[in-house]
Amino acid sequence: MGMGKRLECKRMFHVKHLQIFSCFNLDRMILFLTAVILAAVFFFTQENGLWASDVDWISQHSVFPDYFRKLFYETGELYPDFAFQIGGGQNIFNFAYYGFLNPCILLSYLFPWIPMDLWIMGLSLVLYMTSVLLFHFWISSRGLERRVCFYVSVMFMLAAPLFYHSCVQIMFVNYMPFLCLGLIGTDRYFEKKKSGMVCTSVFLMVLTSFYFSIGAIVCLCLYALYCYLKYEQEKNRPFTVGGIVGAALKYVSRIFTGIFLSCFYLVPTAIALLRGRSSSGAAEKTDYLALFLPLGDADRLLYNEYGIGLVCLALIAVLAGMFQKKAAGKVLSIGLFLITAFPVFSYALNGFLYNRSKVLIPFLPVICLQTGLWLSGLKEKKGKRGILPAFLLLFLYFAMIWNDIKGSDEAVIYLVDFALVLLSVLLYCRWKPDIRIIIIPAIFVLVFVNRMNWKDFHETLKWSDLELENREQIAEMVESAAEMDHTLYRMEYYGDKNENFKNMNRIFGIDQNITSLYSSTYNAPYSYFRNTVFDVEKNYRNTLMESLSENVVFRKLMGVKYILSDTKPVGYEEVETAEDEGMGVSETGNEKDDSLRLYRDENTAPIAYGTSKIVDTGAYEQLKFPYNQLGLLCFAAAGETTDSDKETDDNEKTENGAETGCIPDMISGVEYDLENYVKELDVSDVLEGLFHAAYGDEEETVKLNIPVLDQEQILFFRFHVENTGKKDVLIKAGTAYNNLTAASHIYYNNNRVFSYAIGIEAGQKDVDLIFEKGSCRITDAEAYLVSVNNLEQMQKELYEYKFTEDTDEKDADEKDTDEKDIDKETVDEESSGAENIGAKNSVFSRKSRSGNVLSGSINMKEDGYLITSIPYDENFKILVDGEKKSVEMVNEGFCGVKLGKGSHEISFSYQSPGKILGGVLTVLGIAMLAGILFKSRKYSSAFRPGEQGNCGNSSDFS
């Protein structure tokens, strides 16, 4: 008996040390994987030093989260409705794609001293490394040989989309750790009947990247089907339709629980997408027949960072798996082949907007798993079946796409990769060397592909590109302006073209309100006003980029009272701030930009005002350029448009929809005759029929001569542009750019009429029209001149009745003196018209930015309208003297309400549509989760360790 105990103790000792040794190897492998990741990051970024790209990363992915955090610090709300500061003011769920309520971004709220740029860089690296480590943990638990697990994990780590987009388009891959968590959770569900991890992973994927969560959920369901079939195989149970359907319903209920939990976010986001989503590609046409043809796109499967981005080895593994005997492996391979090979699936996953392969990225982990299963099957002499047909299909694929790739650098990669995998598989099948002879060449190809993709597309940022010191200085000037002026206004920072691109969505301080926006979802009426009604210049090739405008009238109409710039804008005067006394050094000791100054225009429109100068919308729509712009400075367009108003002669229409006739007789009740203020210039001899071609660094300048006056003027001119080449056309006038995108560009902007309204300094003789790039022909050129003084004269009586915003009660004591002066000023102005348009007549309630967008009082001496420059949204709730009124669209894209004579108390409030329904569904999801967890605890006690299945070992290949 004693001897038996000693033998048992000795056996347990060896088992214990064997487990420790195994864990040590696993830990060592994980640490080595981490080191490889960091080494790869250094290798690819050593030239510039930052894990961030120079395109959307700097203008969207780091900027929107910074705004969300600033808004939270100001309002204390994690779940606001309205983004007043960006794009004139919009539903905040228009920007949900860029990290709103993303748990990884919410965590940054605890660390206000960390710049958001650095947080996003660090977060991207952490998510990237976490994805790789979780993937390695997942496949290691599937019964695969350790060496195969390691090299497949390296393949996953170097997959083109995972590496590339962790730095460029982070929403393409930032959900990947939670997807890997869901795959682990799926194994737990089938082995132990535990559902919490599946529900949680779906919830986190939706909050992190709702767009790609759709493909990720399909991936989970496909893997769940594989796990079910595998588990049934191990139990030697026959497959039945009823059994499969029952198991599917149970698993899908876990998926829907995660979706329901996220409905407080998902439902408002879905409604915002339906109302403001663009296909983003006006030139992109869908060939519906081609959607059902397999493998016709060279970028779908191999090498491309906007596709799956793997190499031939992975494709061979998927194709060979289709010919295996075991049902589980065969179903997994067939499912992967159908989803990745047939464009109709990517078209559906893209919401039926377009056919793009980026939605296939979520299937990357399962494809890598399939590669590991096939390699393990080869090693165990069970994976030879299907090799020959797999190579034949791969050869057929190359034959189908060869016309698209021949003559390109990619063609060499295809041939080399195909030759390497063919040779390595033949060598292994013939002499059975180490399995690494197959996978290591594939890894080297992936390294080369990543380097090529990185070099050909985007550059990483340098420290100087972040301009942190410059941002600090601008933020200080924004705060100084807010301390001086308590009215509600907009303020914009104008740098060079590159700076304006980076700052298109940037708010330097919460008191700054801007007109620009770069988002795939947006307020549709505001976009229509900018692009169709006002024809604001388009600086960039992407149609979604609503950049800062140099259009002087647009600035005035939108209430851009302050501009931060190193040059004086026409119509603005320099303002002395407290920061000017110490311009040399910032609070942190960094040098400041001494040329940066704050400028103010006292004659911009208030954000809200009352007027009786109303013109019917139908009459306004008949105004031609530039009267359609100038008109909104002397009257407001309101009222419904009748069918008779819209009847026009097609022969009198220009390409952008404006008429060539004079001011219609239908406009009445306006004291100013616009034609008396506008001087038409003849530019036909300079521009008409002009042809120009500029390539590379070449550019050509054409001078437009203008009458010399001793006062500032506004030059309006426009012309039609015919793109006679295959590249973009870029033409600069003053500091304003117009860009016509090449017809083949995926974000074609359709900007075929270049319109400008630029400021002219007193005494200026001409304007340089600079052809920077492209080949084009100009026709239908027209130009007009208006003095700035005349603009102010036209504006003088439009803003008749002042709207006085409510103040915060908590600030009442501190600002009592100021408010008395304001009230006195307001009374004086109401009695004498609007002689001082920019007077300090109000204090804006900061806490109302996310709740009550605007509230205050107004005294109308005549019937009229309250006019705002807040983009129209039917979800505004307006109370006039406590009575609910319907919001009306005024000035062809903004909120307004009809008012009768007398004093009124008005409140504009906004609630994102779908928040209530989403909240109810989330509560339902919580109840569903509670029930599932209760059942999981009940079922888990019934499972013994010996009964657990293994859902991913190499026995599939037999």
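In which helix is the place of L393?

Analyst: L393 sits in helix α17, which covers residues 387–405 (helices are DSSP runs of H or I with at least four residues, strands runs of E with at least two, numbered from the N terminus). This is a predicted model, where local features need pLDDT of at least 70 and side-chain atom pairs pLDDT 80 or more, while totals for chains, interfaces and linings use all residues. Residues are numbered from 1 along each chain, and side-chain values use heavy atoms, without hydrogens or water.

With a relative accessible area of 31%, L393 is partly exposed, because that class lies between buried (under 20%) and exposed (over 50%), using a 1.4 Å probe and protein chains only. Together with F323, L396 and M400, L393 makes a nonpolar surface patch of about 320 Å². Such patches join Val, Leu, Ile, Met, Phe, Trp or Tyr side chains within 5 Å, or like charges within 9 Å, from residues with over 30% relative accessible area and no salt bridge (Lys or Arg nitrogen within 4 Å of an Asp or Glu carboxyl oxygen); areas are Shrake-Rupley values.

The largest nonpolar core holds 169 residues, and L313 and W374 have the most contacts inside it. Helix α10 (residues 210–234) supplies the largest share of this core, 14 residues. Another core, of 50 residues, lies apart from it and includes V533, Y609, C634 and Y865. A core here joins buried Ala, Val, Leu, Ile, Met, Phe, Trp, Tyr and Cys through side-chain atoms within 4.5 Å.

There is also a sheet to look at. Four strands form an open, mixed sheet in the order β3-β6-β8-β7, with pairing requiring at least two DSSP bridges. β3 (490–493) and β7 (573–575) are the edge strands; each has a single partner, so one side of each lacks a neighbour in the sheet. Neighbouring strands are turned by 30 degrees on average, direction ignored (axes are fitted to C-alpha atoms; angles run from 0 to 180 degrees).

Strand β6 (residues 560–565) pairs in parallel with β3 over four bridges: R490 stands opposite V560, and M491 has Y562 as its bridge partner. With β8 (residues 597–600), β6 runs antiparallel, again through four bridges, and L564 faces L598 there. Six of the six β6 residues are buried, so β6 is largely enclosed by the rest of the structure.

Methods. Accessible areas come from the Shrake-Rupley method with a 1.4 Å probe; for residues, only the protein chains shown count as cover. A salt bridge is a side-chain nitrogen of Lys or Arg within 4 Å of a carboxyl oxygen of Asp or Glu.
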